[in-house]
Amino acid sequence: MCGIIGILGTAPVADRLVEALRHLEYRGYDSAGIAVATADGMARLRRAGKLHHLATALLTTELSGSAGIGHTRWATHGAATEANAHPHVAGRVCIVHNGIIENHADLAAELQAGGRQFESETDTEVLAHLLDHMLAGGAPIERIMADLMPKLRGAFAFAALLDGGTQMIVARRASPLAIGFGDSEMYVGSDALALAGLTRRLCYLEEGDWALISRDGAAIFDADNQPVERPVVLSEATGALIGKGNFRHYMEREIHEQPEVLGYTLAYYLDSRNRQPALPVLPFDPCKLPRLTIVAAGTSYYAGVVAKYWLEHVAGVLVEVDIASEFRYREAEMPVGGAALFISQSGESLDTLMALRYARQKAQTILALVNQPESSIAREADVVLPTRAGPEIGVASTKAFTTQLMALAVLSLDWAAKRGRLSADEVADRLQALGELPELIGDMLSNLEPYQPIAHGLAQARDVLYLGRGTSYPIAMEGALKLKELSYIHAEGYAAGEMKHGPIALIDEGVPVVMVAPSDALFEKTASNAREVLARGGRVILLSDAGGVQHIGSFASHIIELPTVHPFVAPILYSVPVQVLAYMTALEKGTDIDQPRNLAKSVTVE
Ligand code: F6R
């Protein structure tokens, strides 16, 4: 992971580097650092912890120079200390790096045998020494990079400032990197957001590319070391940092934005004239699709699981869904003429990107459901399905998830209509139910008092179970993920019917069980599972509608009553209370809600 920024400028860069890092904090926030080419040589300022420590230190440190690089880190090799923070320096080279050099130990051993010594535990410092060692041989940079790139294993992007800040070498493999063109200034950054305050004119490096950048421009070389032109595009990313408004946390704001962004996303996928689905044109006929493979990570994966239920049930499509980090290494067969859908808020999760490339090799049509339309996953897809969630800053995904579900719901209805599984009226009914969600969710969010005592109880628990059936099963898993990442309480999401095959052994009065239980076709069975919990002394927190509450509400220790909706749209509605429960429990525990420990918003390592 980590975020990279570099500027070869004509005016002081230190403040601008830190400002750009603010846009990159979503990629990691363990430590941060900058290096500036000053009149007295390369000067570094690094701090462990969040970016504000670095920004505060800069207030009292003179770092004057017009060329520099910066980095915000998510630790992979070595603890989150100042010594391990980037930039790393070796001789002529000052470097920032995102990703992992997998063979760093072998490279380090060779360099140590040649007398090189390391100050940090990072793979990045090894790369700095390797590049410096190769530059010392005096060969032209083209020759050095042709030798260097094959020596490096793993996924990475780096920017190395050389020679007192006159030029930069940058390279990427799998991790993203963009070059920005300014007026007599040149930039490099992990993404369009990093460069947003600096320039809109960007060129994205492609797989295996490297470039030599000076203030006059960039010479780009492809993976075969051939000079290459990459298109310069105008970025839509805005440099404005979104504030929290009247909310305490970005996550709280993003939860409350859901009515609005769900509306935008639905509107995007509807034909405004006849209120029927209007999806981007696909290069295949969904009626003839042998299989749709859905691949994603974390919360986005749970959106994929909901979509599997929808697409199989309402559209009769054969769907396989898998976790990105597993899928790629299964070497799964993929059917001729098949399509693969990759779901990602950031569009940068490396596991998901690599799975996309695997599917590409297997000749699948690639669909990408992303919130960042300029991301790597979007750029490598045949068809991009955007979510209209707007920037999501809180590390825990909320509005990106529900807008993913909204887009997937309309896709399922579109395919159901095309495949003759639902009539136009049936599609219209479900679209109507989707259209009612923004208002219903808005109403729900206007009174969060009932959550307070529940969150207070959850905050005391060591373990929490979330149970659900059908499309409520992935929502149970999502609820558990939200609780553990925000409040550090151990939680598991289970298919309610699977509980009797093992997890029921965990039930006692100390383990709250959150039942995600709209009164749908499976409700009776979920209700039986709730009774099984009660019979073993467990405490049930019931999320259900009026029908469900009437049925089993008297058994529950706490109830959140939700509006009665069409079962098709229930997973979107029920996502919101599990988010709120996790948020309020984290408030009780006093954890760092927007930037929970050990996490990053965008996970660009395997
Ligand atoms: C959890 C969360 C993560 C992400 C996962 C995938 O709240 O946010 O589990 O969903 O890292 O990220 P994207 O969707 O950016 O590929």
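The following legends describe close-up views of a predicted model.

**View 1. Domain division and the contact between domain 2 and domain 3.** The chain is divided into domain 1 (3–234), domain 2 (265–444) and domain 3 (447–590). Between the C-alpha centres of domain 2 and domain 3 there is a separation of 26 Å. The contact between these two domains involves 25 residues of domain 2 and 27 residues of domain 3.

**View 2. The largest pocket.** The space in the largest pocket amounts to about 1,300 Å³. Its lining comprises 50 residues, and Leu193, Gln372, Pro391, Glu392 and Ile393 are the closest to the pocket centre. Two or more lining residues come from each of helix 1 (14–24), helix 2 (51–59), helix 6 (192–195), helix 8 (258–268) and helix 12 (376–380). Helix 8 contributes the most, with 3 residues. Divided by class, the lining of the largest pocket holds 20 nonpolar, 13 polar and 17 charged residues. The largest pocket lies between domain 1 (3–234) and domain 2 (265–444), because both domains give residues to its lining.

**View 3. The second largest pocket.** About 600 Å³ of space is found in the second largest pocket. Of its 28 lining residues, those closest to the centre are Ala297, Gly298, Thr299, Lys601 and Val603. At least two residues of the lining are supplied by each of helix 9 (298–315), strand 19 (339–344), helix 11 (350–361) and helix 16 (472–487). Helix 9 provides the largest share of this lining, 5 residues. By class, the lining of the second largest pocket consists of 13 nonpolar, 11 polar and 4 charged residues. Domain 2 (265–444) and domain 3 (447–590) each supply at least three residues to the lining of the second largest pocket.

**View 4. The largest nonpolar core.** The largest nonpolar core is made up of 91 residues, and Leu292, Trp415 and Leu434 have the most contacts inside it. Helix 19 (residues 570–589) gives the largest share of this core, 12 residues. Since domain 2 (265–444) and domain 3 (447–590) both give residues to this core, the core lies between them.

**View 5. Surroundings of Leu292.** With neighbours within four places in sequence left aside, Leu292 is in contact with Leu311, Val317, Leu318, Val319, Glu320, Ala339, Ala340, Leu341, Leu367 and Trp415. Leu292 and Trp415 are both among the residues with the most contacts inside the largest nonpolar core.

View 6. Ser349 is placed in the loop between strand 19 and helix 11. The relative accessible area of Ser349 is 15%, which is under 20%, so Ser349 counts as buried. When residues up to four places away in sequence are not counted, Ser349 touches Ser344, Ile377 and Val603. Of these partners, Val603 is also one of the residues closest to the centre of the second largest pocket.

View 7. The loop between helix 11 and strand 20 (365–370) contains Lys362. Lys362 has a relative accessibility of 28% and therefore counts as partly exposed, a class that lies between the limits of 20% and 50%. Not counting residues up to four places away in sequence, Lys362 touches Ala332, Glu333 and Met334. Lys362 and Gly338 are 24 residues apart along the chain, and their C-alpha atoms are separated by 9.1 Å.

Key. Residues numbered from 1 in each chain as written. Predicted model: local features only at pLDDT ≥ 70, side-chain atom pairs only at ≥ 80, totals over all residues. Heavy atoms only, no water. 1 Å grid on protein atoms, 1.4 Å probe; cavity = no way out; pocket = protein on both sides within 12 Å on 5 of 7 lines; lining within 4 Å. Points joined across faces, edges and corners; volume = space filled by probe spheres on them. Helix = DSSP H or I, 4+ residues; strand = E, 2+ residues; numbered from the N terminus. Nonpolar A, V, L, I, M, F, W, Y, C, P; charged D, E, K, R; others polar. Domains from an automatic or database assignment. Core = buried A, V, L, I, M, F, W, Y, C linked by side-chain atoms within 4.5 Å. Buried < 20%, exposed > 50% of the residue type's maximum accessible area, 1.4 Å probe, protein only. Contact = heavy atoms within 4.5 Å.
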